[in-house]
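Me: I would like to learn how to read a model of this kind, feature by feature. Could you give me the general idea each time and then the case at hand?

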Amino acid sequence: MLLGTPYYPEHWPEERWGTDARLMREAGFARIRMGEFAWHRMEPVEGQLDFDWLRRAIELFGQYGLKTILCTPTPTYPAWLHAKYPDIHQVKSNGCVKEFGQRQDACKSHPGYRLYARRIVEKLLQALGEHPDVVAWQTDNELGCHGTARCYCRYCEAAFQSWLRERFVGDIDALNAAWGTFFWSQDYDGFHEISPPRDTADRTGNDGQNPGLVLDFYRFSSDAQIAFQREQIELIRRFSPGRTITHNLMGLFSHIDYFRFACDLDVVSWDNYPFWTNGTNRPPPPLAHDLMRGLKRKPTWVMEQASGAGGWGVFSATPQPGQMRLWAFQAVARGADMISFFRWRSCRFGREQYWHGILYHHGIPQRRYEEVKQIGIEFCALSSELDGSVVESQIAILYDYDSLWALESQPNVVQGFGYAEMAQRFDQALSRLGILVDAVGVASDWGGYKVIMAPCLHVLTPEVADRLKSFVQDGGTLIVGPRSGVKDGENAVVNELLPGLLRELAGCTVTEYDAFSMIPGLEMHVEDGHGKTYRAYALADVLAPEAEEAQVLLTYADHYYAGEPAAIGNPYGQGTCIYLGTVLDDAGIRDLLGPIARSASIPCLDDIPECVEVTRRVKESQSYAFYLNHSADPVRVNLARPGVDLMRGQRLEKRHTIPGLDLVIVKEQRGTTV
Ligand SMILES: [Zn+2]
């Protein structure tokens, strides 16, 4: 377990660095991240390079036991580069330029930007790549943030055309057929005629454009970010061998396919700011943790963990006493091996004046510093137990960016239905049962999972459909959400009964679909046939069983399809597929998933208070159960197993009271009866 923080030596007088290093050492810090926004300090004048100040900082902090995670400084380019290339900026879908002043706004396809970005990375690596205090690298910073993964400039237009030429092997007729360009007379005679999906007539942000064009542009834009990072990674591996390479991802940020992006990284790290849910008394939603861990199915680092209120113009509530620590341990409980608190000291200048750090602007240690210091002491004490332990899941959520992007562009209904929202519902329902879920991709390794939940396989290829069939055939349980199998890999609607490629597996067809939430005053319910009724939201796939053994699990209770099936289970091979035709409320999802988990011999907890989160890390014969109380009040919980509280060293039996905004970590014997 490691504690770290980003630090900006370029923001503070050099005579202050030593004070900060001492305070960090006293709080148990072992890692420091530097350099990601310091291009101008490294190259104040074109070609005039200065890394001495950075070397002095690395060595000073090194003397205090802090090793450096060094960053490539490419997200913020110097003003002289802007002056040299006035068209270096990205362009929005409406044709407006993203002017100088933010970050990430240089176009990744601009040849001048690419030339100078590569050069500064190479020079930095040549200067410091083999420094013994540099132990890891972060590429760039939050690639794609502020909507910058998608650029509509003329350089990106040319790059998009090349990307399409490769994808369709130079065959423009194949592209026309795939996108159905005969609609509205959009047939192309050559790739040179294709533009990014810019604003049209009265529509903004791709809304008026051909769905095939939009999906391919989203894929191209994601690939462009991946290629930009890959160039840096290749340089780092060449000039700084043996160092861990990471990038700070952004949880549920949706404009980059993070599964493909993470393939090039050694470790996934990410930025975790749960303060926007502050005050709810409920655990911050776990999906971002579960996705970041699921990208590589490996432990993660949190590169930026909230250490104060955040915001630019307005700021969030300040984390209450204990809350920073609790959120940090939530990340640990869900698979993080390093927590790096952003930032060390709040900056007096710049747009992030109100993105608060551990210290306020004055730099005097106060409450939040003391809380971090406590975490440092605890990490040190817990390391011998928790180092090497991992999160193990037997249930996965499929997180599919193609389907997510298709729904982002055409959400089907105004609100209440989206890929991430559906995934959150499934994940939170299982979290309430004490079950940990990995969010994995359609091409990930699914080994070890007994149950897979697919919130909405809106875009479905034959390859993925075949994988799902094999999974169920071999004994797995698959739960598929509404509006699945609707589109092919080109974002065209399939030419067959829905759910298309899933029809045989699901053992049912969709006879109608209805966006009932558009009808004012209509409240939709579903019934389980045993006296239980649940609310349903957004839209309904009205189902009809087709396979002989298909069983109706839920029926609609309202509107003209009252009495028709809303969920159908179908035995297939040695497993089962369940098609759920609507967005169920939390109780409905829990009642659907609980029995599935139990029949797959996955332990469930029925009596977890709403404010409590229960997770587990395991190592060899040991199991470490985390019970986190997100309420400010003490709460009494039933422990799944007795054991020793690692935080306090005392033996805990069946029932235990956890103080407000606090936790216990119970060391259990793995495999003992629940
Ligand atoms: Zn561009």
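Me: Leaving aside neighbours within four places in sequence, which residues is Gln 320 in contact with?

Reply: Before the case itself, please note that this is a predicted model, in which local features need pLDDT of at least 70, side-chain atom pairs count only at pLDDT 80 or more, and totals for chains, interfaces and linings use all residues. Residues are numbered from 1 along each chain as its sequence is written. Two residues are in contact if their C-beta atoms, placed from the backbone, lie within 7 Å. By that rule, and with neighbours up to four places away in sequence set aside, Gln 320 is in contact with Ala 632 and Leu 661. Gln 320 itself sits in the loop between strand S8 (300-306) and helix H11, where helices (H or I, at least four residues) and strands (E, at least two) are DSSP runs numbered from the N terminus.

Me: Why is Gln 320 classed as partly exposed, and how is Leu 661 classed?

Reply: The classes rest on a count of neighbours: a residue is buried if 20 or more other C-beta atoms lie within 10 Å of its own, exposed if 12 or fewer, and partly exposed in between, with C-beta atoms placed from the backbone. Gln 320 is partly exposed because 13 other C-beta atoms lie within 10 Å, whereas Leu 661 counts as buried because it has 23 C-beta neighbours inside 10 Å. Leu 661 lies in the loop between strand S26 (655-658) and strand S27 (662-669), and its phi is near 45 degrees, a positive value in a residue other than glycine.

Me: Where else is there a positive phi in a residue that is not a glycine, and is that residue buried or exposed?

Reply: Ala 201 has a positive phi of about 30 degrees although it is not a glycine, and it is found in the loop between helix H7 (172-179) and helix H8 (211-239). Ala 201 is exposed, because 7 other C-beta atoms lie within 10 Å.

Me: How should I describe the packing of two helices, and at what angle do the axes of H11 and H12 cross?

Reply: Two packed helices are described by the angle between their axes and the distance between the axes. Here the axes of helix H11 (residues 323-333) and helix H12 (residues 367-386) come within 9 Å and cross at roughly 35 degrees; such axes are lines fitted to C-alpha atoms, for helices over the stretch in contact, and the angles run from 0 to 180 degrees between N-to-C directions. The crossing of H11 and H12 is right-handed, a crossing being left-handed if the near helix is turned anticlockwise from the far one by less than a right angle, and right-handed if clockwise.

Me: Which residues of H11 and H12 meet, and how many residues of H11 are buried?

Reply: From H11 come Met 324, Arg 325 and Ala 328, which meet Arg 368, Glu 371, Gln 374 and Ile 375 in H12. The residues of this contact divide into 3 nonpolar, 1 polar and 3 charged, where Ala, Val, Leu, Ile, Met, Phe, Trp, Tyr, Cys and Pro count as nonpolar, Asp, Glu, Lys and Arg as charged, and the others, Gly among them, as polar. H11 is mostly covered, with 11 of its 11 residues buried, and among them are Trp 327 and Phe 329. Just after H11, Gly 335 takes a positive phi of about 115 degrees.

Me: What does the domain assignment of the protein chain give?

Reply: Domain bounds come from an automatic or database domain assignment, which here gives domain 1 (2-146 + 242-386) and domain 2 (395-599). Taken over C-alpha atoms, the centres of domain 1 and domain 2 are separated by 38 Å, and the contact takes 12 residues from domain 1 and 18 residues from domain 2. On the side of domain 1 that touches domain 2, the largest share, 5 residues, comes from helix H10 (residues 287-296).
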